[in-house]
Amino acid sequence: EGININKGLFVLGQVVSALSELGQGGASPRSSSSAVSHIPYRDSKLTRLLQDSLGGNSRTVMIACVSPATANAEESVNTL
């Protein structure tokens, strides 16, 4: 199981790297002149699940649980 987790994280790094190179070049992933010809979304289950999010085809919502209590102030600040 640990091997699969490491593989998923490795492929996630490759996808993020390929997308950043694509963003710097300004070309589309289907362009033949692009230095990045393939984004390896299908190489792991993790990147396959996150494909829409990583490709910029979705909106992201962040929910944070914070407390106004003084006792929880440090944890609330760390969360934000």
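Colleague: Leaving aside its neighbours within four places in sequence, which residues is S44 in contact with?

Modeller: This is a predicted model, and in it S44 sits in the loop between α1 and α2. Once neighbours within four places in sequence are left aside, the contacts of S44 are G8 and V11.

Colleague: Is S44 buried or exposed?

Modeller: Buried means a relative accessible area under 20%. The relative accessibility of S44 is 10%, so S44 counts as buried.

Colleague: And H38, is that residue buried or exposed?

Modeller: H38 is also found in the loop between α1 and α2. A residue is exposed when its relative accessible area is over 50%. H38 has 53% relative accessibility, and therefore counts as exposed.

Colleague: How far apart in space are H38 and V15, C-alpha to C-alpha?

Modeller: V15 is one of the buried residues of α1, while H38 belongs to the loop between α1 and α2. In sequence, 23 residues separate H38 and V15. In space, their C-alpha atoms are apart by 9.2 Å.

Colleague: Which residues of α1 are buried?

Modeller: Residues three or four places apart in an α-helix point the same way, because there are 3.6 residues a turn. What covers the buried residues of α1 includes α2 (45–49) and α3 (51–54). The buried residues themselves are G8, V11, V15, A18 and L22.

Colleague: How many Å apart are the end C-alpha atoms of helix α1?

Modeller: Helix α1 covers residues 2–25, which is 24 residues. The expected span is 1.5 Å times one less than the number of residues. For α1 that should give 34 Å, and the model agrees, because the end C-alpha atoms are apart by 35 Å.

Colleague: Which backbone nitrogen does the side chain of S76 reach?

Modeller: S76 lies in helix α4, residues 73–79. With a relative accessible area of 9%, S76 is buried. Leaving aside neighbours within four places in sequence, S76 is in contact with V66 and S67. At 2.9 Å, its side chain reaches the backbone nitrogen of S67.

Colleague: What pattern does the chain follow along the sequence?

Modeller: The chain contains four helices and zero strands. Read along the sequence, the pattern is α-α-α-α.

Colleague: What percentage of the residues of the chain count as buried?

Modeller: The accessible surface of the chain comes to about 6600 Å², and carbon and sulfur atoms account for 53% of that surface. The chain has 80 residues, and the part that counts as buried is 16%.

Technical notes
Residues numbered from 1 in each chain as written. Predicted model: local features only at pLDDT ≥ 70, side-chain atom pairs only at ≥ 80, totals over all residues. Heavy atoms only, no water. Helix = DSSP H or I, 4+ residues; strand = E, 2+ residues; numbered from the N terminus. Buried < 20%, exposed > 50% of the residue type's maximum accessible area, 1.4 Å probe, protein only. Polar contact = N/O pair within 3.5 Å; in protein donor to acceptor, adjacent residues only side chain to side chain. Contact = heavy atoms within 4.5 Å. Areas by Shrake-Rupley, 256 points an atom, 1.4 Å probe, with all protein chains shown as cover.
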